[in-house]
Amino acid sequence: MVDQETEKRTDNEDKETEEAHAYTPGLKVKKSTSVTKMRRLPLLGEVFVEEGDTVKHEDVIARTEISGDPEIVKISMIMGMEPEDTLRYMTKDIGDKVEKGEQLAFYKALFGLIKKEVKAPVTGTLESFSEVTGQAIIRGSPIPVEVDAYIPGKIIEILPKEGAIIETHAAFIQGIFGIGGETHGEIHVAVSGNDEVLEADMITSEHADKVIIGGCRVTLEALKKAVEIGASAVVSGGIRHDNLTKFTGEEIGVAITGQEEVGITVIITEGFGNMNMSRSTFDLLKEFEGYSASVNGTTQIRAGVLRPEIIIPHEMKVEDESEELAQGMIPGTPIRIIRQPYFGAIGEVHSLPVELQQLESESMVRVVNIKLGEGKVVTVPRANVEIIEE
Amino acid sequence: MASLSKPKEEMQFIIATDVGSTTTKARFFHRKDGEWRFLVAGEAPTTVEAPYEDVTLGVQNAVREVEELTGHMLLAPEGGMIIPYDGEKGVDLYCTTSSAGGGLQMMVAGLIKSMTAESANRAALGAGAIVMDVIARDDGRQSYEKIKRIRNLRPDMILMAGGTDGGASQHVMEIAELIKAAEPKPRLGVAYELPIVYAGNKALRSEIGELMEEGFALEIVDNIRPVLEQENTEPARRAVHELFMEHVMSHAPGYTKLMNWTPIDIMPTPAGEGMAIQLIANTFEQNVLGVGLGGATTNVYSIVEGRFVRSVSANLGMSYSVTNVMKEAGIENIMRWIPFNLDEEEVASRLMNKMIRPTTIPQTLEDLIVEHSVAREALRLGLKHHRTIATRLKGVQLERTISDMFEQAVEDSYVQMMNIDICAGTGGLLSHAPRRVQSMLILTDAWLTEGITRMMQDSVFMMPHLGVVSTVYREAAWNIFDKDCLLRLGTSIAASGQAKYGKPVMDIDIEMPNGKKLEESLNLGDLKLIPLGEGEEAKVFVEPANQYDIGAGPGKELEATVQGGVAGLLLDARGRPLYLPDEEQKRKELLLKWFKAIDLYPEESLEALL
């Protein structure tokens, strides 16, 4: 944005910006907030709830059917005849239901010495036959598609023929990266602090169906153990890149995740490598130990950012004043540095110089001066910080 | 032809925007003293997603920034731009490109993978699309696998080819029936019919029309391969563009409004970028290899002997897709460009962290060198992919000479570096490289330029804007392009061939613009940069050693006039293929020697990393 910064640049070299709008919004870590979820079918269908209804995780909100899978049957080729001659040997009409193994076409010649028959390879409906290609299409049974509630709460709006919007009061935590889709389970903190590595021996059969919380890193063995005992999810500050690759069986190329079938949902809150889980995230999860949480690892970074999430419904209503932080970065704003050489450091905005400054890499960029915990002030590109929204 | 607000010679102000997936970029142009120049840039976040869901808001914000910077009023109170310029406010032309919401995503189909399907692929790419999949009879998948794939894809459009005119028919219909049976659904909204362009055997038009009557918005155009010897992609490309406007853009949030703001059709960003690269080829009348190295994708463009081909590597990029470069290239190929010790896992983690926080930038020199290493690999893979598309027409009988048979030399791709006269790059990493010689070396290393090659790059990202302007006002576009956009980096002289390290590669006599004469002798492994400024020319006489070729043939000398630039004249005797030792320590030493020889990075900081 141009705002007042541009004007200042022209007449004042040493001035500082009062507020910066170009910043990376931070991940949300909120103790008490209203969470709404739109639960929508991919195609039009039937909605089973009404406004004001209370729903649980697994309640079905809406259902539809998508057309069944088609199976192509090369009838003319099997019968050894021209497509245009085939239709009269068909023993089923278009629109007929057929069972797997049932006859579709039959031909006999030379007083029955030569017989040819085509049987249905699947059960379904004979949808079409082409006299150009000699192919028939059998359409399988419609495939039901359901949308469940995912979060417990109240229906606040019905989307006719599509679904509904559910609202709940909850603690809400966003991760930076995840794998695996929607699940839920009771929160259990398995480490003693946000800087402890989650190892396999910390996970026991008691963690079945639970959401296990780790500290700075989760090991490959711990992930395997969590799957083995049937945990719902693992949440950790960091993970090694090679561990994730081995766990999923392939290297993640593009951050579009959520469809992995790895038997568990994994959420990373800070990044790759050894990364202490942010103190506020860890403390919040600790506070809600024993509560049931809805967890989704789905991540999509390009075009409509989706970050993984942990939603912990509860009744404690706390005044939350953090919304105003989303307005911009000003001196005093709490921030996290998200790139080397101070990756992971937490501090507050000290000042926002207007002039472009040269980095060690020699790039000329907008910077922010940050006061770290111990009082040291460091300079980093504005693009390399995120506001802590908590 | 679009209707312009006034005759070209009376026009004074043009504004163009590019609605990108994250940022909307406005570029403001002005004619002063008879010459068109770039004035100022304005940028704002794109507003295609909720809660805004109206791209025009982002366009207005970006244009408002231009207004604030110039004090020139552009936005009309009722929406859109004030057109025409009335001596005080407004512009004479507004046009835009767009790649918001993932751009144009297509599926293409043909009969044979290397013939009609390949032609359809080229046509879709040429129209600026991202091709999600290519379906063909011989693509190695069973029918049920293809159906499953088509059902999972949600393309914006399908382009179907197949058969020459009067040629194959039954198998083409099989492909059509397969598509029909799969019932593909369009990406944007469920309420409209999926556009499908048929550009196959013309004898099948009525059957195709009947089959696709329901559930599709069918457009039939001339066959893409009327005969095997001819590829006719233009009608299909045009139909794709029209359907893009009519069906796809009109369903994207705010585009109906945006379309009314401009008299020129909205163009997919890569199509605009491609036009800009074509502008270079047409103006210099030379073979050009260009690239848009973006955050998510790498678009490569070639114009060789007048033939224009574009390829898009949808998942090779420097931010969103940076880890996919690592996945496809292999971490070892990224590590080979790093001259100091760095743990592989550390590099992999940094790249993963860049992917999940794509807007961050390198602060340290170490981080910058890692990103430059990834860029080399993204460009290398992008060109490799491009060569699979920029091929001679397959299925055509080739006349081979005796020498071809001895050399077994009929290369699939005609994009050979010795034939490329100009390399040009655009995209954040190249435009923002702190030293211009960095982008020159990155392009050289990645593409391994051969012979004499001019190197250029986009100064500020505005190639797509100028591409779309060039469709109605070529002279203005070229004026701005030449003066403000196209930064001349210099010229690279690289010998093709490889012998023993340290042995002679070439002798070069250079006559500098001031008449001074330089004599350079280069051995294998040498790299040198001679200062030769923008607008300056030098005469060179190159004598390659027997095993090396500089463009005239192995061991044959060559005389030429070369152009300077902000980086200079790069003398490259590192061999083709590039001589890079397998032994780690030797490789690092050699890299360091090159980096220092051309002052690639600040020496003190570089030393500190060793």
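The accessible surface of chain A comes to about 18,000 Å², computed by the Shrake-Rupley method with a 1.4 Å probe, with only the protein chains shown counting as cover for residues. Carbon and sulfur atoms own 47% of that surface. The model is predicted: local features need pLDDT of at least 70, side-chain atom pairs count only at pLDDT 80 or more, and totals for chains, interfaces and linings use all residues. Residues are numbered from 1 along each chain, chains are lettered from A and ligands numbered from 1 in written order, and side-chain values use heavy atoms, without hydrogens and water.

Chain A has 390 residues, and 51% of them are buried. Buried means under 20% relative accessible area, exposed over 50%, and partly exposed in between (1.4 Å probe, protein chains only). The chain holds six helices and 29 strands. These are DSSP runs, numbered from the N terminus: H or I of at least four residues for helices, E of at least two for strands. Take the contacts (heavy atoms within 4.5 Å). Of those with a separation of 6 or more in chain A, 64% join residues 24 or more positions apart.

Now helix α4 of chain A, residues 220-229. Its buried residues are Leu220(A), Ala222(A), Leu223(A), Ala226(A) and Ile229(A). An α-helix has 3.6 residues a turn, so residues three or four places apart point the same way. The buried residues of α4(A) pack against strands β16, β17, β18, β19 and β20 and helix α5 of chain A. Gly230(A) follows the helix, with a positive phi near 85°.

Next, the surface of chain A. Leu110(A), Leu113(A) and Ile114(A) make a nonpolar patch of about 330 Å². Patch residues have over 30% relative accessible area and no salt bridge; nonpolar side chains (Val, Leu, Ile, Met, Phe, Trp, Tyr) are joined within 5 Å, like charges within 9 Å. A salt bridge puts a side-chain nitrogen of Lys or Arg within 4 Å of a carboxyl oxygen of Asp or Glu. Leu110(A) sits in the loop between β7 and β8. Leu110(A) counts as exposed because its relative accessible area is 54%.

Chain B has a charged patch. Asp507(B), Asp509(B), Glu519(B), Glu543(B), Glu557(B) and Glu559(B) gather there as negative surface charge. Asp and Glu count as negative, Lys and Arg as positive; His and chain ends are not counted. Each charge is placed at CG of Asp, CD of Glu, NZ of Lys or CZ of Arg. Glu543(B) belongs to strand β20 of chain B, residues 537-544. At 36% relative accessibility, Glu543(B) is partly exposed.

Thr449(B) lies in the loop between α15 and β15 of chain B. Its relative accessibility is 0%, so Thr449(B) counts as buried. Beyond its neighbours within four places in sequence, Thr449(B) contacts residues including Met417(B), Cys423(B), Ser492(B) and Arg576(B).
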